[in-house]
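Let's walk through this model together, strand by strand and then along a helix. Have the structure open as you read.

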Amino acid sequence: MKLDLTTHDALIQIAGDSHKGLWASQAFSRTSKFTVRTAGQLPTSASLHTLEIVALTTALRSITKGMAAKLIQPGMTKPRILVGTSDASFAGAISGLLVGDRTAPLLRAGRNFLSIAAYQLARFNVEIRTPETGDTAILVLKGWAQNHVTDPKVIKHIPGLEPSAVSQVCGFTSLLSRF
């Protein structure tokens with residue numbers, strides 16, 4: 001999925017793995033030199049929609065009010081964000097919620113995450129798409145999360161140490177060399 005700067009101001013890619021409870025997000029904007037990756041883990045009982053709404057909310061929260069103000073193009077009131085996800089049902093559910101379509105698929109996410117997500121989604125003009133065939137960026141993001149988020153079962157014998165999230169800032173040139 002490519003960011004077209006004439007139609008969008010930022011690109012966010014999200015991924016979830018319901019078997020391991022992992023979620024991951026990656027955000028890049030036209031005014032930034034860096035890509036921010038964030039990943040974490042929820043219980044494996046969490047639905048894929050819950051994992052992806054957490055990833056999307058985390059990525060949108062990483063865009064501060066000041067950054068959002070710099071992203072706004074003349075004649076626009078909000079920054080335009082392109083979101084990529086490999087889950088077509090999640091894309092349909094969020095897209096339906098954003099336009100008020102009652103026939104859209106239901107969003108199967110934890111209720112406690114929905115109000116935070118609604119607040120963050122209201123800050124931006126969001127368009128959600130699934131990647132074209134052969135686009136591996138979301139798989140790479142999911143692989144990064146699997147490699148960097150430590151499974152709590154591995155370190156449970158160490159008192160007081162329980163990971164919940166990991167974050168990485170990549171330089172623009174290093175990001176291009178990876179994809």
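How many bridges join strand β1 to β4? Five do, and the two strands, β1 (residues 10-17) and β4 (residues 80-85), run parallel; strands count as paired if DSSP finds at least two bridges between them. One point to look for is A10, whose bridge partner in β4 is I81. Before going further, note that this is a predicted model, in which local features need pLDDT of at least 70, side-chain atom pairs count only at pLDDT 80 or more, and totals for chains, interfaces and linings use all residues. Residues are numbered from 1 along each chain as its sequence is written, and side-chain values use heavy atoms, leaving out hydrogens and water.

Now stay with β4, where six of six residues are buried (under 20% relative accessible area, with a 1.4 Å probe and protein chains only). R80, L82 and G84 point one way, while I81, V83 and T85 point the other.

Next comes β5 (residues 125-129), joined to β4 by five bridges in a parallel arrangement. Here R80 stands opposite N125, and G84 stands opposite R129. In a regular strand, side chains alternate between the two faces of the sheet.

Finally, turn to helix α5 (residues 137-148). Its buried residues are A137, I138, L141, W144 and A145.

Methods:
Buried means under 20% relative accessible area, exposed over 50%, partly exposed in between (1.4 Å probe, protein chains only). Helices (H or I, at least four residues) and strands (E, at least two) are DSSP runs, numbered from the N terminus. The expected span of a helix is 1.5 Å times one less than its number of residues.
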